[in-house]
Amino acid sequence: MTAVIDRPAAVLPSRPLADRRPPLARLVGLEIRKSLCTRSGIALAGAAAVLPAGAVALMMALNDTPPNAATMLALLGTLVSMLLIAVGVLSTAGEWTHGTVQTTFLAVPRRGRVLAAKYVGAALLGAAISAVVVGSTFAVAAIGADFSWTGAGAAAVATVAAGAALTVVGAGIGAAIGNAPAALTGTYLVLLVGMTV
């Protein structure tokens with residue numbers, strides 16, 4: 001004799017999977033984590049955050065400090081912006097290069113939400129890295145630099161805003177080209193060679 005056990009019917013979702021929308025804040029957090037979970041992402045973010053403080057220490061050791069804090073931050077912010085563009089490019093083009101973009105778009109089929117999350121995540125990541133740059137640079141400069149701090153607040157705000165904007169620009173370039181090596185090579189050729197010529 002065989003006993004038959006009745007199982008309750010599975011509860012079907014009220015909406016199809018394609019209509020479910022994870023909160024944008026969760027998607028933004030995932031995009032930031034994805035940008036920082038690769039060796040290249042960690043290396044670029046770390047280099048962007050740490051190198052300016054080292055440059056300030058070197059300038060002070062060589063007695064070659066700029067006349068004021070705003071000028072110093074403008075010089076170092078320009079160098080950091082080159083790294084932040086690469087962080088942005090890798091946040092979008094890296095997924096196409098490594099083929100992980102299919103998983104991303106299967107999880108969230110609406111591409112507009114994915115791209116919005118990528119751009120907001122890139123902006124927040126760029127702003128955070130730039131804020132670390134400002135803090136570490138000013139901390140090192142406060143120890144031994146002897147110059148005017150006039151305009152330092154405005155320069156700090158401009159540096160953080162520029163960091164956010166340039167990371168988003170990099171993300172846009174990466175999304176448009178869809179290949180990380182081509183996007184990085186093309187961007188730096190245009191910026192470093194094309195603009196100079």
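**How the helices pack**

Helices here are DSSP runs of H or I with at least four residues, strands are E runs of at least two, and both are numbered from the N terminus. The model is a predicted one, in which local features need pLDDT of at least 70 and side-chain atom pairs need 80 or more, while totals for chains, interfaces and linings use all residues. Residues are numbered from 1 along each chain as its sequence is written, and side-chain values use heavy atoms, leaving out hydrogens and water.

Back to that first pair. Helix α1 covers residues 24-35 and helix α5 covers residues 111-144; their axes come within 8 Å and cross at roughly 60°. Axes are lines fitted to C-alpha atoms, for helices over the stretch in contact, with angles from 0 to 180 degrees between N-to-C directions. On the α1 side, the contact (heavy atoms within 4.5 Å) is made by Leu 24, Leu 27, Val 28, Glu 31, Ile 32, Lys 34 and Ser 35. Helix α5 answers with Arg 113, Val 114, Ala 117, Lys 118, Val 120, Gly 121, Leu 124 and Leu 125. Sorted by class, the residues of this contact come to nine nonpolar, two polar and four charged. Ala, Val, Leu, Ile, Met, Phe, Trp, Tyr, Cys and Pro count as nonpolar, Asp, Glu, Lys and Arg as charged, and the others, Gly among them, as polar.

Zooming out, the protein chain has seven helices and zero strands, so reading from the N terminus simply gives α-α-α-α-α-α-α. Of the chain's 197 residues, 36% are buried (under 20% relative accessible area; exposed is over 50%, partly exposed in between, with a 1.4 Å probe and protein chains only). Take the contacts between residues at least 6 apart in sequence: 83% of them join residues at least 24 apart.

Helix α5 turns up again with α6. The two pack at an angle of about 145°, with 7 Å between their axes, and their crossing is right-handed. From α5 come Tyr 119, Ala 122, Ala 123, Gly 126, Ala 127, Ser 130, Ala 131, Val 134 and Phe 138. They meet a run of α6 residues that includes Ala 152, Ala 156, Val 160, Gly 163, Ala 164, Thr 167 and Ala 171. This contact has 14 nonpolar residues, six polar and no charged. Val 157, also in α6, counts as exposed at 57% relative accessibility. Its C-alpha atom is 9.1 Å from that of Val 134, 23 residues apart along the chain.

At its other meeting place, α6 pairs with α7. Their axes come within 9 Å and cross at roughly 125°, and the two helices are therefore oblique to each other. The crossing of α6 over α7 is right-handed. Here Ile 173, Gly 174 and Ile 177 in α6 meet Ala 182, Ala 183 and Thr 187 in α7. That makes four nonpolar, two polar and no charged residues. Thr 187 sits in α7, which spans residues 180-194, and counts as buried at 8% relative accessibility. Neighbours within four places in sequence aside, Thr 187 is in contact with Ile 85 and Ile 173.

Then there is the inside. The largest nonpolar core holds 17 residues (such a core is a set of buried Ala, Val, Leu, Ile, Met, Phe, Trp, Tyr and Cys residues joined through side-chain atoms within 4.5 Å). Those with the most contacts inside it are Val 56, Met 72, Leu 73, Phe 138, Ala 141 and Phe 147. Helices α2 (39-61), α3 (69-98), α5 and α6 (152-177) each supply at least two of its residues. Not counting residues up to four places away in sequence, Ala 141 touches Val 56, Met 60, Met 72, Phe 147 and Trp 149. Another core, of ten residues, lies apart from this one, and has Leu 44, Val 80, Ala 86 and Ile 129 among its members.

Two more residues deserve a look. Asn 63, in the loop between α2 and α3, has a positive phi of about 55° although it is not a glycine. Asn 63 is exposed, with a relative accessible area of 72%. Ala 70, in helix α3, counts as partly exposed at 21% relative accessibility. Ala 70 and Ser 148 are 78 residues apart in sequence, yet 8.7 Å apart from C-alpha to C-alpha. Leaving aside neighbours within four places in sequence, Ala 70 is in contact with Thr 150, Gly 151 and Ala 155.

Methods: A crossing is left-handed if the near helix is turned anticlockwise from the far one by less than a right angle, and right-handed if clockwise. Angles under 35 degrees count as roughly parallel, over 145 as roughly antiparallel, 65 to 115 as roughly perpendicular and the rest as oblique.
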